[in-house]
Amino acid sequence: MISASNEYALECVINPQKGHLKVSGTIIIPATEESAFFILNRGLRWTKTVRRTASGYQSITAYKTDIVAVPKFYHGDLWTFDIQNSQQDEFVLEIEYSGQIHPPAKDSHMPAMGYIKRDFVELACYSAWYPVPFNMETNMSFELACEGPDDWTWEANGKLQNVEKNNGTAVWSWKQTKPVNDIVVLGLPKRDAHLDEESLFWGPRDLVGSHKVLDTSAREMKKLLEDWLGPRDTSDSVRFVITPRKMGGAYARTGLIVVGGGYSTDTILRKPVLQSMCHEICHDWFCKASVRTYDNWLDEALAEYCSIMITDDYLNEGFLESHVEKTMQLLEKQGNIPAIRSLTRDQEEAYAAYYFRGFLLLHEISEKIGRIEFRKMIGEFAQICAKNRDITTDMFLEFIEENSKTKIIDTAKNWLDFEGVGIPLSI
Ligand SMILES: [Zn+2]
């Protein structure tokens, strides 16, 4: 299956003092998409929706729809347009909208992942600050220009093109030519920022300063991963962005790893912190399975497996054994967990199923084949991931079975279909 890919060109003006956002731009949607469904934050209002055609412009209406429920982790409504199907190759939408970023509804019990505040801006798909394609398999390439106060510094998940200062404001522009699954912008006043070219971290100085101790370790572990998994699918180096957000945890976007509140620098927690940083770095390779299907378990389980292996190598203190044991306990404590195959990542039980049971499944296969052999194969599979757009569970299992000449598919299927406490009995 070939995923469709939208092209975005957005110009946004962010006013942190007023908490206001104004965006104009175009979205090019391949005509293979029968209709255009987008999620937009509840605090934003459309001010222009026009369709550009070969023969001119056609005003179209954006209207809210509830034909399908918007996944809970988005703070937005579902919109579509009264577009008549045509024979054209693509839809070109010219849009404008503005307003404030509203937090999620209280009864959704979801953390506010996006906000425009006086001292920090964090915008990603969760806050639906741009029209987020409802079909999560739709990737996006983008050009983004962001105008803000001239004494602010910004990060985005694209390649920085230039910074243009003009009358108290500065326009930062980025380009992402590769289709990616999100458009992320983060910013803060320069006077508050930790600015160090050598550092893997970016964010408020008071939060990042204490992370220096983790910097060296993270860079050494990244090197170990590159030796094992080969070249990454992005030329940008991994950056950890620390945001002041206290809830909601971390997300990884093409080399940009955004961590709410930062990592604990307590030495007691050093091992799990290093492993969780390493997990995020692993997503530079393992990010190609669909997030709309259960296949996403594979990306999470591979990121867990590889980060645990590297942490074990790095610390050399039996981290793997203790982690396997701990994961088993954590999984059993969760009680009855549905089958991995029956879950998508937005479901609550997916975490235990993907991260715990999924990791234990990979460990089981690894023990069956032999750790050294399995690690070699994971290294080769990482390159398949880096070079392909879509990765599925079947691709992985067939690759391992074929290369190891060991029957693992039946075992894996037994695990993936297992519903209950812990892990299935061996077959
Ligand atoms: Zn992950």
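## Domains of the predicted model

The chain is divided into domain 1 (7–188), domain 2 (196–284) and domain 3 (285–427), with bounds that come from an automatic or database domain assignment. This is a predicted model, in which local features need pLDDT of at least 70 and side-chain atom pairs count only at pLDDT 80 or more, while totals for chains, interfaces and linings use all residues. Residues are numbered from 1 along each chain as its sequence is written, and side-chain values use heavy atoms, with hydrogens and water left out.

The centres of domain 1 and domain 2, taken over C-alpha atoms, are separated by 26 Å. Between these two domains, 25 residues of domain 1 are in contact with 19 residues of domain 2, where contact means heavy atoms within 4.5 Å.

## The eight-stranded sheet

An open sheet of eight strands has the order E5-E4-E8-E2-E1-E12-E15-E14, and its pairing is mixed. Its edge strands are strand E5 (56–59) and strand E14 (159–166), each of which pairs on one side only. Strands (E, at least two residues) and helices (H or I, at least four residues) are DSSP runs numbered from the N terminus, and two strands pair if DSSP finds at least two bridges between them.

Strand E1 (residues 5–15) and strand E2 (residues 20–30) run antiparallel and are joined by nine bridges, and within this pair alanine 9 stands opposite threonine 26 in E2. Strand E4 (residues 44–53) also runs antiparallel to E5, to which four bridges join it; here arginine 52 has tyrosine 57 in E5 as its bridge partner. A hairpin of two residues joins E4 to E5.

## Helix H2 and its surroundings

Helix H2 (residues 212–229) has 18 residues, which at 1.5 Å a residue should span 26 Å, and this agrees with its end C-alpha atoms, which are 26 Å apart. The expected span of a helix is 1.5 Å times one less than its number of residues. After H2 comes glycine 230, whose phi is positive, near 85°.

The buried residues of H2 are Leu214, Asp215, Ser217, Ala218, Met221, Lys222, Leu225, Trp228 and Leu229, where buried means under 20% relative accessible area, exposed over 50%, and partly exposed in between (1.4 Å probe, protein chains only). What covers these buried residues includes strand E18 (201–204), helix H3 (270–282), helix H4 (296–315) and helix H7 (371–387).

## Helix H3 and glutamine 275

Among the buried residues of H3 are Val273, Leu274, Met277 and Cys278.

Glutamine 275 has its place in helix H3 and is buried, with a relative accessible area of 6%. Not counting residues up to four places away in sequence, glutamine 275 touches Glu304, Ser307, Ile308, Thr311, Phe319 and His323. Aspartate 410, by contrast, is 135 residues from glutamine 275 in sequence and 30 Å from it in space, C-alpha to C-alpha.
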